[in-house]
Amino acid sequence: MAKQKSPLRYNPNDHFAKAALKMEAVGVPFVETFLPPEIRAHLNLSTLKLTADSFIGEDMLQYYSDIVYTCQSNQDEPVRVCILIEHKTTGVGRRLYVQLGNYLRSIQEDDIRQGRKYFTLTIPMLIQQGDEGQILMQMPEYYGRLPEGTEVFIPAFRVIVINVQELTDEFIEGLQQSLLLRNVLLVLKHARDADYMRIHFSRVLTFASEEVPLEASLILFRA
């Protein structure tokens, strides 16, 4: 199991996002909301739970942090859902693919070290908070023109990208199944908008009848 290292740079917004998503009251509805329906249909999300795992290597430390959840598939096979928070852009999409490829390989190495018979299915979900998120092409597009039939030699995987700045307030407001997740996303989206935070301060700390852990309330208050 990989040990999480101390981050090389401190960003209060990133710290808030990680602390919030490490609470199952936020992380579980986040996964349920942003997993594509065709993927969600194959998972038993009632088994979704937080782990203490981290698979961030030295090459990714200044760019990302991760929160790792596990659940069972409908066939009772283990699945990892890894939420990666981007601290700063890596510049180009293919660099992201290389970094995430290394990240997934570190998970495979952990499976081998732990003596697991099979690699664990891993679903990466990338949170971007900047105004200019990376637009990811399909992996073969980064290779240019390929001879027919040779695309089978290209390692490819899918990344679920969630750019908080691209989420509309209307969409976020509609997340009534988890007011805590709704408020966390509103804080992340508008953290740099002092006027919004001043006007809506009491609103993002309102949870109606939702039972919110004291830890969660403190994290939102300190944001």
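Predicted model: local features only at pLDDT ≥ 70, side-chain atom pairs only at ≥ 80, totals over all residues.
**Entry 1: a pair of strands**

Residues are numbered from 1 along each chain as its sequence is written, and side-chain values use heavy atoms, with hydrogens and water left out.

**Entry 2: the whole chain**

I counted 9 helices and 5 strands; helices (H or I, at least four residues) and strands (E, at least two) are DSSP runs, numbered from the N terminus. Reading from the N terminus, I get the order α-α-α-β-β-β-α-β-β-α-α-α-α-α.

How much of the chain is buried? Of the 223 residues, 45% are buried. I use "buried" for under 20% relative accessible area, "exposed" for over 50%, and "partly exposed" for in between (1.4 Å probe, protein chains only). The chain exposes about 12500 Å², and carbon and sulfur atoms supply 54% of that. These areas come from the Shrake-Rupley method with a 1.4 Å probe; for residues, only the protein chains shown count as cover.

I also checked contacts, meaning heavy atoms within 4.5 Å. Taking contacts between residues at least 6 apart in sequence, 65% join residues at least 24 apart.

**Entry 3: back to the sheet**

In what order do the strands sit? I read β1-β2-β3-β4-β5, an open sheet of 5 strands with mixed pairing. The edges are β1 (43–50) and β5 (160–163), each pairing on one side only. From one strand to the next, the twist averages 25 degrees.

I then followed β4 (residues 121–128) across to β5: the two run parallel, joined by 4 bridges. Along this pair, Ile127 stands opposite Ile162, and Gln128 stands opposite Asn163. I also noted that β4 is mostly covered, with 7 of its 8 residues buried.

**Entry 4: a helix on the sheet**

Which strands does α2 lie across? I found β1, β2 (64–73), β3 (78–86), β4 and β5, with α2 running at about 150 degrees to β1. For such angles, axes are lines fitted to C-alpha atoms, for helices over the stretch in contact, and angles run from 0 to 180 degrees between N-to-C directions.

**Entry 5: α2 meets α6**

Two packed helices are described by the angle between their axes and the distance between the axes. For helix α2 (residues 24–34) and helix α6 (residues 179–190), the axes come within 9 Å and cross at roughly 85 degrees. The two are therefore roughly perpendicular to each other; that label covers 65 to 115 degrees, while under 35 counts as roughly parallel, over 145 as roughly antiparallel and the rest as oblique.

Who meets whom here? Ala25, Val26, Pro29, Phe30, Thr33 and Phe34 in α2 meet Leu180, Leu181, Val184 and Leu185 in α6. I sorted the residues of this contact into 9 nonpolar, 1 polar and no charged. In that sorting, Ala, Val, Leu, Ile, Met, Phe, Trp, Tyr, Cys and Pro count as nonpolar, Asp, Glu, Lys and Arg as charged, and the others, Gly among them, as polar.

I zoomed in on Val26, which lies in α2. At 0% relative accessibility, Val26 counts as buried. Leaving aside neighbours within four places in sequence, Val26 is in contact with Ala20, Leu21, Leu180, Leu181 and Val184. Val26 and Arg182 are 156 residues apart in sequence, yet 8.9 Å apart in space, C-alpha to C-alpha.

Is Lys189 buried or exposed? This residue of α6 counts as buried, at 18% relative accessibility. Beyond its neighbours within four places in sequence, Lys189 is in contact with residues including Val164, Leu167 and Asp169.

Asp76 is in the loop between β2 and β3, and I find it exposed at 57% relative accessible area. Its phi is positive, about 65 degrees, although Asp76 is not a glycine.

Tyr143 is partly exposed, at 43%, and touches Ile154 and Pro155, not counting residues up to four places away in sequence.

Technical notes:
Pairing = 2+ DSSP bridges.
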